[in-house]
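Please keep the sequence and the structure at hand while reading.

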Amino acid sequence: MPDFARRCVPGFCPTPFHTAYYRTLDAFAKGLVRRLIVSVPPQHGKSLGSSVLLPAYALGIRPGLRIALASYNLRLASRFNRRIQQLIDSAPYAELFPDTRLKPLHGGTGNKKEAAAPSAAGAGNLVRTAEEFDLAGQSGGLLAVGREGSLTGNTVDLLILDDLFKDALEANSPLVRDNAWEWYNAVARTRLHNGSQELIVGTRWHEEDLPGRIAAHERVVGLTDFSQLGTLPPDCWLMLNFEAIKESPPTPADPRDKGEALWPARHSRALLDARRRLDPHLFEALYQGRPASKEGLLYGEGFATYDELPATVVKRGNYTDTADTGDDYLCSLCYAVGGDGMIYLTDALYTPEPMEATEPQAAAMLRRADVREALFESNNGGRGFARAVGRLVPEVRIAWTHQSRNKEARILSNSATVQRLARWPRGWEARWPELARDLLGYRRLYRANRRHDAPDALTGVVETELDRSRRTIRAVGFRSPER
């Protein structure tokens, strides 16, 4: 499909992202993938690939396909239909696929083979409108419908659903979401057969959108390597999520390093960071493909921010929760306690790196934040980590404590107090994106969360300042610079 796009779209210059996207669509067009979900950020060329080039390309290599293309309204779906027709009518397309032709706009069929191979609509009865077209001399064609539109009487070999929700207002409406889900099951899916294919492509708006509901009911496998194409059973969905800012580990399907923008020439990292600052919750859904409804978030209203520390600072401290095995992150938070009793976070280290890498990083942060007193959890090797960091910054008094209380109970019961007291520097979401993601996306249902390190450490900061007298703390000791 990348070569097809270069031939048929003037000025098309694919980025590595587009190449990976089109390679996946190519496998789908050839029937190697039966059920595919692709999540793409806004304004990244999603619909050109899925709803214009893909249908035309699929009809070129498989002219017997009956395609249904649906979007949130008929107007948009018809616009895709017209662009597909223009593409099939173009000279480059005719050179590539001479047997895939449309009925001319003014009479005739434009295909001499029609008499020998009449279309499903019957010779001389070919359809070509803004909503539907048949191929001349072939059994294939395409029908465009809006969400909740009728597909009665139409057999569908290939179903393409492109953005079933227009905007956040629709996606956040339980009624609209339920209607879309009902239409998908009661109308769209009833037109499919054993060999039918489904493609759901769009921008994620809500955790209960179509991909979210499908993932809750059916098997969905993430696409990380192109070797997966053509290997999954027919009842399994393959899902490809393109993050606007790469935060997941590099994979063969998306080899970007962490922090790289998906299409930097069009949407730079600086531009994406600015959008994230405006609404981190919305950014996680639209641009990162990780929606979470605010109703289910522990810190649904977010956190207060500050531009400057208060005139009176009574303490500069740190709380550190060391990483456990597996996917855990080390979370070390520096903060200042103001004369107003608020807790102002000043610096953070949030990383899955091993202790030999994080020990000097933590020490440098403590010195940079002018911390004089730090508390480390001794769980998971925290005591040894505290000693190692203490040797690097002997001017800081480092203590440790064993955290024996239930983590889930601590995080949930202190959430309101944490939101009330914690203040983050303005723009903190862009400064520490992974930390912001795991805090702002943390859900009330404890087991629904992938990691607990960020809310656990932030809870520890607040607990330390509110209830120090009830803690059992053993000091590592104070080291003067002369020692």
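Two residues are said to be in contact when heavy atoms lie within 4.5 Å. The structure discussed here is a predicted model.

## Arg-66 and its surroundings

With that cut-off, and leaving aside residues up to four places away in sequence, Arg-66 touches Glu-132, Asp-134, Ser-139, Gly-140, Gly-141, Thr-155, Val-156, Asp-157 and Leu-158. Arg-66 itself belongs to strand E2, which covers residues 66-71.

Is Arg-66 buried or exposed? Its relative accessibility is 18%, and Arg-66 therefore counts as buried, since the limit for that class is under 20% relative accessible area.

## Helices H7 and H8

Two packed helices are described by the angle between their axes and the distance between the axes. For helix H7 (residues 174-188) and helix H8 (residues 210-217), the axes come within 10 Å and cross at roughly 60°. H7 and H8 are therefore oblique to each other, and H7 passes H8 in a right-handed crossing.

On the H7 side, the contact involves Arg-177, Asp-178, Trp-181 and Tyr-184, and these meet Leu-210, Arg-213, Ile-214 and His-217 in H8. Sorted by class, the residues in the contact of H7 with H8 are four nonpolar, one polar and three charged.

## Helices H16 and H17

How do the axes of helix H16 (residues 433-440) and helix H17 (residues 453-466) cross? They come within 8 Å and cross at roughly 85°, which makes H16 roughly perpendicular to H17. From H16, the contact is made by Leu-435, Asp-438 and Leu-439, and from H17 by Ala-454, Pro-455 and Leu-458. By class, the contact of H16 with H17 has five nonpolar residues, no polar residues and one charged residue.

H16 is also mostly covered, with eight of its eight residues buried. The buried residues of H16 include Leu-435, Asp-438 and Leu-439, the residues that H16 contributes to the contact with H17. Charged residues are found in this buried set as well, among them Glu-434 and Arg-437.

## Loop residues with positive phi

Most residues other than glycine have a negative phi, and most peptide bonds are trans. Against that background, Glu-148 has a positive phi of about 75° although it is not a glycine. Glu-148 lies in the loop between strand E5 (141-146) and strand E6 (158-162), and at 44% relative accessibility Glu-148 counts as partly exposed.

A positive value is also found for Asp-163, a residue other than glycine, where phi is near 55°. Asp-163 is placed in the loop between E6 and helix H6 (168-171). With a relative accessible area of 18%, Asp-163 is buried, whereas Glu-148 counts as partly exposed.

## Pro-394 in its loop

Where is Pro-394 placed? Pro-394 sits in the loop between helix H12 (382-392) and strand E15 (397-401), and is buried, with a relative accessible area of 18%. The C-alpha atoms of Pro-394 and Ala-363 are separated by 9.6 Å, while the two residues are 31 residues apart along the chain.

Note on methods:
Residues are numbered from 1 along each chain as its sequence is written. This is a predicted model: local features need pLDDT of at least 70, side-chain atom pairs count only at pLDDT 80 or more; totals for chains, interfaces and linings use all residues. Side-chain values use heavy atoms; hydrogens and water are left out. Axes are lines fitted to C-alpha atoms, for helices over the stretch in contact, and angles run from 0 to 180 degrees between N-to-C directions. Helices (H or I, at least four residues) and strands (E, at least two) are DSSP runs, numbered from the N terminus. Angles under 35 degrees count as roughly parallel, over 145 as roughly antiparallel, 65 to 115 as roughly perpendicular and the rest as oblique. A crossing is left-handed if the near helix is turned anticlockwise from the far one by less than a right angle, and right-handed if clockwise. Buried means under 20% relative accessible area, exposed over 50%, partly exposed in between (1.4 Å probe, protein chains only).
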